[in-house]
Amino acid sequence: MLLLGKIVREPLVHFLFIGLVLFVFYNWVSAQQGGSERQVVFSAAMVNEIAQGFQTTWQRPPTAQELQGLLEARVREEMLFREGVALGLEADDPVIRRRIAQKVDVLAEESALQAPATDAQLEDYLQRNAGRYALPAEVTFEQVLFDPQKHGEQLQATLTAGLQRLRAGLPANQVGDRTQLPERVEATPADLVAREFGESFAAALDKLPVGTWDGPVPSGFGWHLVRLQRFTPGRPATLSEVRKAVERDWENERRQQAKQAFYDQLADKYEVIIEPLSEASQ
């Protein structure tokens, strides 16, 4: 008896019972109206899906009364929708037409995703799009800035003197102008360096000698003396390094291909006739 009482109190039992009652009731109504096209059927899986949707939103399962209300609302919506279609109300409504087209579009996309991608498929996709996932060069360097507006005609002489002082061992913080730019950049991808210092600055780094102060190197801030300490060239990425990005893009490509294939099939089924505009409307 204790076990039976525990089962009776389970919310899932309530859900299935209510679903069964509604199923029987609406089948009885459908039988009175006649014809399977008048049936409104909600399977146990659909009832569970509605309950799960409530739980996702409210972080708790619905009560029996709440579930009954949700099911009644869905049944009402289904019956009103069918009557509207029977009356042809959707034919001239651009919003409804667009929504239905979007839903079919989504169904066409999902048809391509029956199984997850294999490593071979992902590897093939990566090789075909290697440039998209290539890892940029990585650099470590120190820099000292000289502002052209501050030094004017003496800029070149100031740069030359500054380079000599740095090569003689003077600390970098005692040379050049004050700036918000970092004095040292540690193991940073070249594309991020370009974002902060500018493309011309980042492009010049791989041409500098390693381990000694050199320059000047231009940027949008002025002219820099730079000591390149490490330069790791860019290279193609391995699948393990970019798997998530490749999986995402592979899936998107499959979706787009499925949509296009579905559309091509539809184009073969329909004859499209577009009448020219009349002269009065041009």
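The model is predicted: local features need pLDDT of at least 70, side-chain atom pairs count only at pLDDT 80 or more, and totals for chains, interfaces and linings use all residues. Residues are numbered from 1 along each chain as its sequence is written, and side-chain values use heavy atoms, with hydrogens and water left out.

**Largest pocket**
- The largest pocket has a volume of about 390 Å³.
- A pocket is an open set of points on a 1 Å grid over the protein atoms alone, where a 1.4 Å probe fits, with protein on both sides within 12 Å along at least five of seven lines.
- Lining residues have an atom within 4 Å of a point.
- The lining has 14 residues; Glu-77, Glu-78, Phe-81, Ile-100 and Lys-103 are the closest to the pocket centre.

**Salt bridges**
- The whole structure holds 14 salt bridges (a side-chain nitrogen of Lys or Arg within 4 Å of a carboxyl oxygen of Asp or Glu).
- Asp-177 pairs with Lys-150 at 3.4 Å, N to O.
- Asp-177 sits in the loop between α9 (155-167) and β2 (184-189) and Lys-150 in helix α8, so the pair ties together parts 27 residues apart in sequence.
- Glu-251 and Arg-255 form a salt bridge at 3.1 Å, N to O.
- Both lie in helix α12 (residues 239-269), 4 residues apart, or about one helical turn.
- Asp-119, Arg-243 and Glu-247 are linked in a salt-bridge network.

Methods: Grid points are joined across faces, edges and corners, and a volume is the space filled by probe spheres set on the points. Helices (H or I, at least four residues) and strands (E, at least two) are DSSP runs, numbered from the N terminus.
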